[in-house]
Amino acid sequence: MGWESDPRPGFARRLRALKDAAEVSVRELEIASSRTPRRRAGEAPLRLKRSTIDGMISNTRPVCPRQEHFEVFVDTCLRIAGGSGRPLPGDLADRRAWDAAYRDLLVGMAGVRSTSRLAADAVRLLRAANQSPAAEHEDGDGPDEVVPSRGPKVPGPAGGAPPPPPRTWTADARHGAPGSAPPGTPTAPPARTGRRRVRGLAKGAGVLALTGVAAAAWTLAPVSGRGTGGAEPTVAPAYVGGDGVLRLGALVPKSGGLQFFNRPMAAGVRLAIADINAAGGVFGRKVIGTEVDAGDSDDRGTEALAQLISERNDVVIGPIMSSTSLAMIDQVRTAGVVQISPTATSDQLTDAADDGLFFRVAGPDAIQGDVLGELIRADGGRRVGILALDDPYGTGLSEHIRRSLERRGVDRVQVETYDASDESHTTDVEKIRASDPDAIVVVGFTEATAVVRELVRQGLGAGEHKWYFTDGYLSSGESLGLPQGTLTGAKATQAGAKVATVFEQRLLAVDSAPTDFAYAPEAYDATTVAALAAVAAGRDDPKSIAGAMAGVTRVGERCTGFQACARLLVAGRDIDYDGASGPIDFTDRGDPARAPIGVFEYKADNSYIRLTHKLGEKPT
């Protein structure tokens with residue numbers, strides 16, 4: 001439920017107007033109270049009056065169900081009580097009692113003797129608004145405006161849109177340029193401009209409303225070091241777009257032939273969400289994560305995406321395969337959600353008509369293809385045969401390998417595509433054998449094992465020819481099912497970061513089962529970048545997130561974690577997020593401009609070891 005789609009009843013409008021007039025929030029005043037002379041003297045801080053409202057809510061049980069937002073709870077509760085004929089005790093059926101209790105809460109907190117200028121200003125503004133909101137429209141459903149006795153009018157939501165700020169925003173320590181809208185005001189950002197939204201963030205004043213309704217400034221509240229429980233909010237926005245809750249859905253392959261990607265990808269997403277929430281979440285509220293099985297087919301993937309869209313996820317992490325990502329583009333564009341794949345590498349995604357909503361963290365095929373071509377040429381390859389799966393991954397990557405070889409003077413390159421459903425690859429391998437290769441590349445996934453067996457059967461084994469594979473097969477684990485010695489000396493490349501030991505241990509704390517961590521760093525970074533983009537945009541709606549994605553990954557001050565990067569954003573500084581997978585540097589097309597590529601070599605038991613990692617760049 002969001003401000004843009006939910007014209008809430010009169011009670012919610014009055015609360016919002018009161019907090020707008022005060023330009024202060026419960027959370028900031030709680031922080032301010034900890035700085036009072038009493039606190040510095042070692043005495044307990046003053047007791048605030050939140051317990052009054054907590055007690056009122058408790059007394060409505062069992063008539064009224066629990067609600068996420070306080071203001072939604074009140075209107076819902078009074079409607080239920082009136083319709084069911086079940087009375088509420090005392091004066092709890094009177095909206096004015098709730099108005100008064102909430103106003104007393106704000107005044108009580110603002111009245112705390114504090115060294116905070118914010119608290120002092122809040123006292124003045126709250127006292128200036130000396131007419132109780134409840135007195136204005138006793139029925140709770142009056143006109144869409146609330147007029148305090150002094151100060152400007154504060155229009156209520158019209159058609160669900162958030163009200164404008166109670167005064168003009170000027171260029172001071174807390175606000176943006178003169179006359180500019182407050183951070184988070186609903187505007188349609190240009191897709192992937194890469195421009196920073198952080199210039200509009202306020203640099204000190206505080207917000208985080210008790211009920212989830214935002215006040216009128218930005219703050220960075222202290223962050224708890226206790227882990228996931230009880231962390232104080234990192235950032236809270238003025239007018240939060242969307243519904244104020246960032247929802248991330250993950251398309252993970254829990255079934256089908258790509259299950260080997262499931263655990264590392266899921267662990268990366270879960271760890272990132274845990275880290276974000278331990279830092280106080282986004283907009284002072286926990287990020288909500290959902291995992292859905294996308295399988296290994298386009299049909300299953302699009303069904304899973306439809307489920308995440310129906311559950312109102314703002315950002316979708318995944319899927320694994322490039323072909324499935326391409327099949328989803330129309331769905332993503334129509335729904336208007338952001339999609340970030342940790343693994344999809346096809347170059348067709350670069351120019352897809354995605355309305356600026358698709359991103360990927362893994363290096364596009366152009367980067368891996370260039371590195372693999374360079375490797376083959378350095379190993380002495382002069383006549384190269386390439387067997388590629390006939391899908392966007394296989395055909396795209398094989399073309400980039402061919403181009404890379406040609407740039408390095410290798411002009412004898414034979415490319416053959418194969419169908420994964422074929423029971424025999426005899427004809428495809430025969431064509432490669434006829435080209436008399438000294439190096440053979442196989443570009444595919446689990447089905448590549450059948451191609452390997454056919455290469456051996458036709459006398460093109462790794463002992464006589466140099467063999468190379470790409471990440472689709474390397475990560476599958478299928479090599480261990482081959483007779484020992486089959487792959488000895490063969491090499492492979494993988495788009496993806498070297499997984500640091502410390503990061504592995506953190507992943508294992510989330511899921512102790514993974515033995516391979518391929519693309520876990522990319523899944524972690526996809527999740528973190530989405531959250532940082534929401535912070536930078538001041539909104540959790542997908543278009544705003546998409547517009548800020550590129551800007552948080554390049555040019556600015558380098559930072560390496562959500563907490564540190566969020567602090568910089570709130571301080572009004574540009575950031576360049578470098579995460580667990582390394583630098584990202586999103587281009588205006590949603591591709592990483594640079595990406596790490598690993599080089600591996602198979603041993604006699606068909607397992608592999610890492611030889612090196614190289615930071616590749618997209619060829620011009």
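Q: Quick one first: what does buried mean here?
A: Buried is under 20% relative accessible area, with exposed over 50% and partly exposed in between (1.4 Å probe, protein chains only).

Q: And what sort of model is this?
A: The model is predicted, so local features need pLDDT of at least 70 and side-chain atom pairs count only at pLDDT 80 or more, while totals for chains, interfaces and linings use all residues. Residues are numbered from 1 along each chain as its sequence is written, and side-chain values use heavy atoms, leaving out hydrogens and water.

Q: OK, how many disulfides does the structure hold?
A: The structure holds 1 disulfide (cysteine sulfur atoms within 2.5 Å). Cys 559 is joined to Cys 565, S to S 2.0 Å.

Q: Which hand does that link have?
A: The link of Cys 559 and Cys 565 is right-handed, with 115 degrees about the S-S bond.

Q: Are those two cysteines buried or exposed?
A: Cys 559 and Cys 565 are both buried.

Q: Switching to the sheet: what's the strand order?
A: The order is β11-β10-β12-β13-β14-β18-β19, an open sheet of 7 strands with mixed pairing. Strands are DSSP E runs of at least two residues, helices H or I runs of at least four, both numbered from the N terminus; two strands pair if DSSP finds at least two bridges between them.

Q: Which strands stand at the edges?
A: β11 (412–418) and β19 (608–617) do; each has a single partner strand, so one side of each is left without a neighbour in the sheet.

Q: What runs alongside β12?
A: One partner is β13 (residues 466–469), which runs parallel to β12 and is joined to it by 4 bridges. Ile 440 stands opposite Trp 467 in β13.

Q: And how do β18 and β19 pair?
A: β18 (residues 594–602) and β19 are antiparallel over 9 bridges, and Phe 600 stands opposite Arg 610 in β19.

Q: Which rings cluster?
A: Trp 467, Phe 469, Tyr 473, Phe 600, Tyr 602 and Tyr 608 are linked into a cluster by ring pairs. Rings of Phe, Tyr and Trp (its six-membered ring) pair if their centres lie within 6.5 Å; planes under 30 degrees apart are stacked, over 60 edge-to-face, the rest tilted.

Q: How many aromatic pairs is that by this rule?
A: The count comes to 10 aromatic pairs. Among them, Tyr 393 and Phe 445 are tilted, 4.7 Å centre to centre with 35 degrees between the planes. Tyr 393 sits in helix α12 (residues 392–407) and Phe 445 in the loop between β12 (439–443) and α14 (448–457), 52 residues apart.

Q: Why does Tyr 393 count as buried?
A: Because its relative accessibility is 4%. Phe 445 counts as buried too, at 9%.
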